[in-house]
Structure formats: C-alpha cells, structure tokens
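Welcome! Could you walk me through this structure, one question at a time?

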Amino acid sequence: MAAETNSDQGNSPSLFSPFKMGKFNLSHRVVMAPMTRCRAINSIPQPALAEYYSQRATNGGFLICEGTMISPTAAGFPHVPGIFTKEQVEAWKPIVNAVHAKGAVFFCQLWHVGRASHPVYQPGGAAPLSSTDKPISKRWRILMPDATHGMYPKPHRLTVDEIAEVVEDYRRAALNAIEAGFDGIEIHGAHGYLIDQFLKDGINDRTDVYGGTLANRCKFIMQVVQAVVSAIGADRVGVRISPAIDHLDAMDSDPLSLGLAVIERLNKLQKDLGSKLTYLHMTQPRYTAYGQTEAGRHGSEEEEAQLVRTCRKAYEGTFISSGGFTRELGIEAVAQGDADLVSYGRLFISNPDLPLRLKLNAPLTRYNRATFYTHDPVVGFTDYPFLSMDTPFSRL
C-alpha cells in the first residue's frame with residue numbers, strides 16, 4: 001500500500017519506496033517510459049497491447065503508454081496507435097482495464113511528430129506539418145511502412161490559424177484519453193517532434209509570434225498545456241521536454257535557458273490555477289536514439305547532469321527523469337534528490353517484471369533491437385520471460 005506522503009518515514013527516499021504523485025499513490029518509483037512499438041495495426045490498438053502493458057503493470061506502479069497520435073497528421077511511424085476516432089477510443093478501453101486490473105496508474109502520451117514524418121503517412125500524401133519548412137537533415141532516416149528507411153521531406157510551415165487547429169487536436173485527444181479510461185495524459189514536447197520543433201532555435205526560424213524570442217518559442221507548448229488542462233484538469237496532465245537533446249536535429253543554442261523558460265511558465269500556470277500538474281518528465285542528455293552515437297552532447301557529463309539538476313530544482317512539482325538509466329543510476333538519482341521518479345524504456349521491453357528485477361538486483365534479459373518496430377503481436381513484444389510468475393513486487 002502506497003504511503004500518503006513522500007516522507008519515507010524519515011528515511012532517505014529510495015527507487016523502491018512509495019511516492020505520492022499528485023492524487024496517485026505509487027508503491028515504487030520505477031516508471032515505464034513511453035515507447036513506440038508499431039503493433040497498432042492501421043492505428044487501431046490491438047488486443048496484444050492489453051497483454052503487453054498488463055505484463056509490465058504492478059500494483060501501485062506507473063506506466064506511460066507509447067506515443068499516441070492526436071490526429072491523422074500526427075504519424076511518423078507505421079502502425080502507431082491513435083486516439084482521435086471513436087474506434088480507437090473503444091479499442092483502448094480493454095487495454096486500460098487490463099492495466100487497472102493489476103492496480104497500476106496508466107497515462108496516455110499524446111504525440112504529434114510534426115516534420116518527423118513523410119507524405120506516405122499523411123492524409124492525401126500531403127507534406128508533414130511543422131514550425132518550419134526546413135527538412136530534417138540527411139543524418140537521420142525515417143522508418144517506412146515497408147521496413148526500409150527513407151529521407152525526411154520538406155515540411156509545411158504551419159500558419160497561425162493552423163496552429164490553433166493543432167492545439168484543438170490536443171484538447172480533443174486528451175478528452176478521448178479520459179473517455180478511454182486513462183488516468184491522465186502526457187504531452188510529448190520532446191525528442192525533436194512537433195512541440196520541440198517550436199521550442200528549439202535550431203529548428204524554429206519563424207518571424208511571427210511563435211518564433212524568435214524564448215517567450216515566443218514557448219507559446220505553442222503553453223497553449224497546448226492550457227488547452228489540455230482546461231479540458232481534463234491539471235492533476236491529470238504531465239509534460240515531457242528534452243531541452244538538451246538533439247534527436248532529429250532538435251538543437252538549441254542555450255538548452256538550460258530553454259528548459260528553465262518552460263519550467264518558469266509551468267510553475268506560473270500552476271500558481272495561477274492553484275493546482276499542480278501531475279509531473280514534469282525530462283530526458284537526460286545521455287539519451288540515445290536508434291542505437292547510434294549519443295545525442296545532445298553540449299558539454300561534459302557533469303555539465304549535463306548539472307543542467308538536469310538545475311531544472312529539477314527549479315520545477316515546483318513531481319520530477320521524472322529518463323534516458324539511459326541503469327539500476328545504479330536510478331537508485332542514485334532518487335537518493336540524491338535528482339528525481340522523484342525514474343522512467344525506464346528499453347529495459348522494460350525485455351524485462352516485463354523490471355521493478356522486481358531491479359529491487360532484487362536480478363539479472364536482466366537483453367533486448368533484441370531488431371524486433372522493436374515489427375508488427376508481430378508476440379515476438380519481441382509479449383514473449384520476454386519473467387523472473388518469477390508468483391513473486392509480486394509488493395511482497396518484497
């Protein structure tokens with residue numbers, strides 16, 4: 001049973017100690033990070049997702065589902081789920097119910113990839129949407145429906161009126177997520193996708209009210225946050241950002257100032273509302289993509305760690321950290337106060353009972369990267385072994 005406070009009865013906090021995240025009582029601090037898995041055929045979540053997520057659910061655990069499209073223009077991978085049609089909402093319901101049956105808290109990550117797409121994924125073969133009309137560089141490749149990799153095309157620069165329509169898409173998607181039974185939503189404002197394309201000065205070359213100054217570049221994310229909060233309440237909303245990550249060319253000349261600018265605005269919104277958001281989720285600079293070289297190297301490891309610590313101290317609420325965490329790094333982050341919760345991605349793919357394995361310091365199963373984005377409902381998805389089928393985390 002999770003504690004009602006975060007005092008840990010006077011003891012130092014632990015990765016495995018209870019935590020009160022807003023109105024949600026968590027039994028431990030190991031979070032399942034959102035990860036694209038490409039098993040939602042034709043954007044419809046399939047029954048296999050119920051097994052996949054429930055396998056990774058623990059009583060009092062917290063899971064964030066894979067990036068979920070807010071509209072038909074949001075896709076940049078094959079067979080990713082959506083939450084903008086009635087059929088999609090209905091398909092999510094048994095999946096959410098399966099996670100809740102295990103006693104876990106489940107959030108839906110709302111996602112729009114922006115320019116990280118291709119006409120093959122867009123309605124009518126149109127150009128992808130973005131803050132800019134600059135394409136992603138040849139350094140990166142997009143996964144195509146036939147499993148080959150293609151080049152990113154020139155995107156369509158959103159007009160001010162079109163931006164308002166996208167904000168409305170986020171609001172409707174949040175309402176749909178709650179209708180599907182999710183406990184809340186996470187706004188994906190990280191990793192070079194649409195919101196990040198407005199935040200980063202290495203991408204955003206606009207000269208209107210959405211470009212140029214930090215205040216202007218923060219306008220879109222705050223409009224999205226405000227729209228979603230007005231629809232479902234601040235206590236069911238998380239926000240993810242990655243100011244120091246250059247994934248998909250998402251570079252900024254001053255990532256610390258960018259992170260603090262977003263945090264300043266989130267803190268002010270919380271104060272004005274008299275209610276806190278559920279959490280802020282920030283990706284560490286050591287995050288890697290596609291197994292390639294490290295991204296976001298703006299300085300030494302200590303400088304990068306200090307950037308995250310500064311943002312963590314500045315944010316007035318629950319702080320989740322993600323990006324390349326091991327057991328030891330996760331334990332250290334919580335013990336030193338660098339994070340309230342730690343989210344794990346790839347390790348959760350191959351270790352459905354990851355919180356148990358981490359607590360026991362048990363061996364971890366290696367993941368097979370080749371099956372991350374296949375469409376098989378079992379292989380590389382629900383067939384990874386459990387350490388023990390009869391030792392729930394709560395008994396330890």
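Here are some questions and answers about it.

Q: What kind of model is this, and how are its residues numbered?
A: Side-chain values use heavy atoms, leaving out hydrogens and water, and local features need pLDDT of at least 70, side-chain atom pairs count only at pLDDT 80 or more, and totals for chains, interfaces and linings use all residues. This is a predicted model, with residues numbered from 1 along each chain as its sequence is written.

Q: How many disulfides does the structure hold?
A: A disulfide is a pair of cysteine sulfur atoms within 2.5 Å. Cysteine 108 is in no disulfide, as the nearest cysteine sulfur, that of cysteine 65, is 3.8 Å away. The number of disulfides in the structure is 0.

Q: Is cysteine 108 buried or exposed?
A: The relative accessibility of cysteine 108 is 0%. Cysteine 108 therefore counts as buried.

Q: How many residues of strand 6 are buried?
A: Helices (H or I, at least four residues) and strands (E, at least two) are DSSP runs, numbered from the N terminus. Strand 6 spans residues 105-111. On one side Val105, Phe107, Gln109 and Trp111 are buried, and on the other Phe106, Cys108 and Leu110 are too. The buried count for strand 6 is 7 of its 7 residues.

Q: Which residue in strand 6 does methionine 69 stand opposite?
A: Strand 5 (residues 68-69) is parallel to strand 6 and joined to it by 2 bridges. In strand 6, the residue opposite methionine 69 is tryptophan 111.

Q: Which backbone nitrogen does the side chain of serine 130 reach?
A: Serine 130 is found in strand 7 (residues 129-130) and is buried, with a relative accessible area of 0%. At 3.4 Å, its side chain reaches the backbone nitrogen of threonine 132.

Q: How many residues of helix 1 are buried?
A: Helix 1 covers residues 48-55. Among its buried residues are Leu49, Tyr52 and Tyr53. What covers the buried residues includes strand 3 (30-32), helix 2 (86-101) and helix 10 (346-350). The buried count for helix 1 is 7 of its 8 residues.

Q: How many residues are in the largest nonpolar core?
A: A nonpolar core is a set of buried Ala, Val, Leu, Ile, Met, Phe, Trp, Tyr and Cys residues joined through side-chain atoms within 4.5 Å. Tyr53, Ile83, Phe182, Ile185 and Phe220 touch the most other members. The number of residues in this core is 102.

Notes
Buried means under 20% relative accessible area, exposed over 50%, partly exposed in between (1.4 Å probe, protein chains only). Two strands pair if DSSP finds at least two bridges between them. A polar contact is a pair of N or O atoms within 3.5 Å; within protein, one must be able to donate a hydrogen and the other to accept it, and residues adjacent in sequence count only if both atoms are side-chain atoms. Contact means heavy atoms within 4.5 Å.
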